[in-house]
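Please open the structure in your viewer and keep the selection tool at hand. The stops below say what to select and what is there.

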Amino acid sequence: MNYYQQEIDDIYQEFKTSEKGLSQSEAEERLERDGLNELQTETKIDKFKIFISQFQSFIIYIMLFAVLLSLLLQEYVDASVILTILVANALIGYNQELGAAKSLEALKKLNFIKAKVFRDGVLVEMESKYLVNGDIISLSSGDKVPADSRIIIASKLKLEEAALTGESLPVEKNNMPIKDEVQIGDQLNMLFSTTTVLEGSAKAIVSYTGMDTEIGKITELVISAEEQQTPLQIRLDDFGQKLGYAVVVICIIVLIVMGLKEFLASGITKGVMLDVLLVSVALAVAAVPSGLPAVVTIALSVGVKKLLKQKALVRKLSSVETLGSCNVICSDKTGTLTQNEMTVTKVWTFDAEADVGGVGYLPEGEISNQVPSMIFQIGKYCNNSSVYQKEQAWQITGNPTEAALLVTATKAKISENNIERVDELPFDSSRKLMSVLVNNDNHLKVFTKGAPDQVLAASTYIYKDGKKIALTEEFKNQITDKIHDFSSQALRVLAFAYKDASSKSDFTEDHLTFVGLQAMIDPPRPDVVESIKRTKEAGMRVIMITGDYKDTAKAIGENIGITGEILTGVEVDKMSDEEIEMHLANGTNIFARVIPEHKQRIVSALQRQGHIVAMTGDGVNDAPALKKANIGIAVGSGTDAAKEASDLVLLDDSFTNIVNAIEEGRGIYDNIQKAIMHLLSGNLSEVLIIFMSALFGWSLPLTAVMLLWINLVTDGAPALTLAVDPYGDDIMQRKPKSGGEGILPGPELTLITTMGMYSTIIALILFLIYRGDTDESLMYAQTTVFSFVVVSEFVLLLVSRGFFSVPLFTNIWLWTSIVFCIFLQLVLIYTPARGIFELAELESNHLISICIAAFILFIVCYFTMRVLRAKKLAVAD
């Protein structure tokens, strides 16, 4: 049986303790047996491990193999250049991730609090980590609960449990056993570690410590949750493997063909074998887009900086792109979709009903109708909370519900200073009322607020037209109907009443005059409706997962545009994973009264269906699901636990920044695709030129050193500028990419294949035109093809950008790199440096041929791109 179901005497007996607490010796024995009351955390991040992780990609493996082979062939320059690129890329990723890489220390720190505990019958203060099961603890307003405990005595006790359960309102606690099995949010006789006492006091018996507490179970979930590979990592690894296999096959074929040719011509010698191997290495270098890792890393780093300016902190580099791929956002309600600030929205009296403008604790807003000021006076003075401004933000002390009443009184311009509180009858769970005795210009009055049914039961009159009128059944029905009306809108309703008191002895809660109702809610954030609308336009689904009640979740969902079937945590408990998947497939978009395990099951079910899931949240209860999701998004005002489990932290809690991050992620993915298309189309051309020449038994149009120059200089530099390329205008009107979609979908793959083939055909034609029968003519042919391939890279780059609707003359860095690379090529040809590459000094007819060939290539590639883009858009529609 659970402790919340047991009588207090039975719990005393089970823990072998009493209201005087344990003896110090007994406590020490239990501490030795059960361990400290603290949370376990993972091992701290290893810097070396972070650095090594930068090399865990199939493309990187291929490049490392090329380095090794180059060293074996004593091609030290080639090896050094490739290795420098790899190390520079690793350092960029390492520095970016090191600053964000932290363990779960924040969860551990949550438990470093002081506890007041009875030892040997004496109340002492000690660090909470020394508490043991059976300890009797004392709590008062402002204290953090040091361990999960069963309440023995409670006096007007209210706790703030939002970070653990998602419940936005203070939870009133008592010591009464609960008959049925209930979720932690409904265990009203239990206190949970790290929650906060808002009001009242209590004595409780410690029942769970350390990892056995509810917060400990969440910690265990966070530790055990597997890190999900990002879509980009999956796609790049898959792409790298396929590319690697293709490179191996091509190199083997070229090796066999060239080796056979040389054997038939002059026999196999050591020199011949080295030449053949060197060409194979050059092919491997040419086939692998060596600039790609740097482009990916720089693009992600640029995205991180852009998002930081928009108040979104990225903790893991690859997470930026993941946002662009996700198609489901699972969002916590309290503090994420809503303000986490109770706000009065409706006021009703027998004279009039009014809407109250404004949101949260900011004391600004209009009241739409004239209602008696009495209802606001009662709310202001029957109140123990305060609202104040600190650093341009409005904050509260005390109960959020009472704070909302103070804000509404300010909006109603209630500013009497001649009312003085004389006495108070505090709120308690049995009466469900709070009353104060006030002196108003030497006239005593009783102000009462509380649950509508209790206030109504204590009332004899109503307040209408400035005077008391007897409360009739007709009036009672009007009040009841209005209560039901407000409640159906998921509004929290409080009733207000007063009476004149002849003396202090008349301070009782009977014969009251019913004044009216105030209805409140934790309102949606002002930007959330538009943000959800934008996510839907972008083809994404938003699911609300909250610890709040079903009716409240439904009302908030309807207000912000989240509709569909609603399931509660109790219903989820009874379902298998397959049943949860079925409900998700049938349009369940709201989950209410859930606990952390439910959130993980929901996220896992969506992932099994092939969805890429982003999870937002702010509480400790969100941490396991944040880590389990493909990308976890914590809001800045949330707990450290949520932030440490997340990939992205919204510094100003704005839901809009999630949409901005999605746009940034999609833009980064586009830029990475542009880079791959540019690099692969050029690389394909280079490989086909060598492959076809070897197949036909021709002399090679491109030498190994030429290929290295093209791939690492004239090819790589412009590709890097794509990391900062503008995004297309239609980026947020597209559907998210399918989880099974490769890094290059059909249209993109077709485009780079055709562009590579066009370039190859034109290059081989140029080679045949100029090669002649002499070594000199061969050198001219090779130099012409070499220069054409360099220029063709720029043509292919511009066409690839056009596929993504990027205007031609944007990105000054790209155009600067193109001009610079052309300048380097001319320097190479028309200075003594050409001797190193065995180049000829081209004449005007060669240059004209190159320009004509490049123009023809641009025309055929451009029209092919337009046709393929039109087909892709037609399929998307």
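The tour starts with the whole chain and then moves through selected sites.

**Whole chain**

Note before starting that this is a predicted model. Show the chain as a cartoon: its secondary structure comes to 32 helices and 26 strands. Colour by accessibility next; 55% of the 877 residues count as buried. For contacts between residues at least 6 apart in sequence, 73% join residues at least 24 apart.

**Stop 1**

Select Tyr 3 and Phe 15. A pair of aromatic rings is described by the distance of the centres and the angle of the planes. Here the ring centres of Tyr 3 and Phe 15 are 5.2 Å apart and the planes stand at 45°. Stacking would need planes under 30 degrees apart and edge-to-face over 60, so this pair is tilted. Tyr 3 lies in the segment before α1 (8-15), while Phe 15 belongs to helix α1, twelve residues apart. Both residues lie under the 20% cut-off for burial: Tyr 3 is buried at a relative accessible area of 13%, and Phe 15 is buried at 8%.

**Stop 2: Lys 16**

Move to Lys 16, in the loop between α1 and α2 (24-34). Most residues other than glycine have a negative phi. Lys 16 is not a glycine, yet its phi is positive, about 55°. Is Lys 16 buried or exposed? With 69% relative accessibility, Lys 16 counts as exposed.

**Stop 3: Lys 413**

Select Lys 413, in the loop between α15 (400-411) and β14 (419-425). Phi of Lys 413 is also positive, near 60°, in a residue other than glycine. The relative accessible area of Lys 413 is 66%, so this residue is exposed.

**Stop 4: helices α21 and α22**

Select residues 577-585 for α21 and residues 596-608 for α22. At what angle do helix α21 and helix α22 pack? The angle is about 70°, and the axes are 9 Å apart. Angles of 65 to 115 degrees count as roughly perpendicular, which makes α21 roughly perpendicular to α22. Show side chains at the contact: α21 contributes Asp 577, Ile 580, Glu 581 and Leu 584, and α22 contributes Arg 601, Ile 602, Ala 605, Leu 606 and Arg 608. Five residues of this contact are nonpolar, four are charged and none is polar.

**Stop 5: helix α29**

Select residues 775-803, helix α29. At 1.5 Å a residue, the 29 residues of α29 should span 42 Å, and the end C-alpha atoms are 42 Å apart, which agrees. Of the 29 residues, 24 are buried, so α29 is largely enclosed by the rest of the structure. Just after α29, select Ser 805, where phi is positive at about 60°.

**Stop 6: Phe 809 and Trp 815**

Finish at another ring pair; a search of the whole structure finds eleven aromatic pairs. The ring centres of Phe 809 and Trp 815 are 5.3 Å apart, with the planes at 20°, so the pair is stacked. Phe 809 is exposed, with a relative accessible area of 68%. Trp 815 is partly exposed, with a relative accessible area of 23%.

How values were computed: Residues numbered from 1 in each chain as written. Predicted model: local features only at pLDDT ≥ 70, side-chain atom pairs only at ≥ 80, totals over all residues. Heavy atoms only, no water. Axes fitted to C-alpha atoms, helices over the stretch in contact; angles between N-to-C directions. Helix = DSSP H or I, 4+ residues; strand = E, 2+ residues; numbered from the N terminus. Parallel < 35°, antiparallel > 145°, perpendicular 65-115°, else oblique. Contact = heavy atoms within 4.5 Å. Nonpolar A, V, L, I, M, F, W, Y, C, P; charged D, E, K, R; others polar. Expected span 1.5 Å × (residues − 1). Buried < 20%, exposed > 50% of the residue type's maximum accessible area, 1.4 Å probe, protein only. Phe/Tyr/Trp six-rings, centres within 6.5 Å; stacked < 30°, edge-to-face > 60°.
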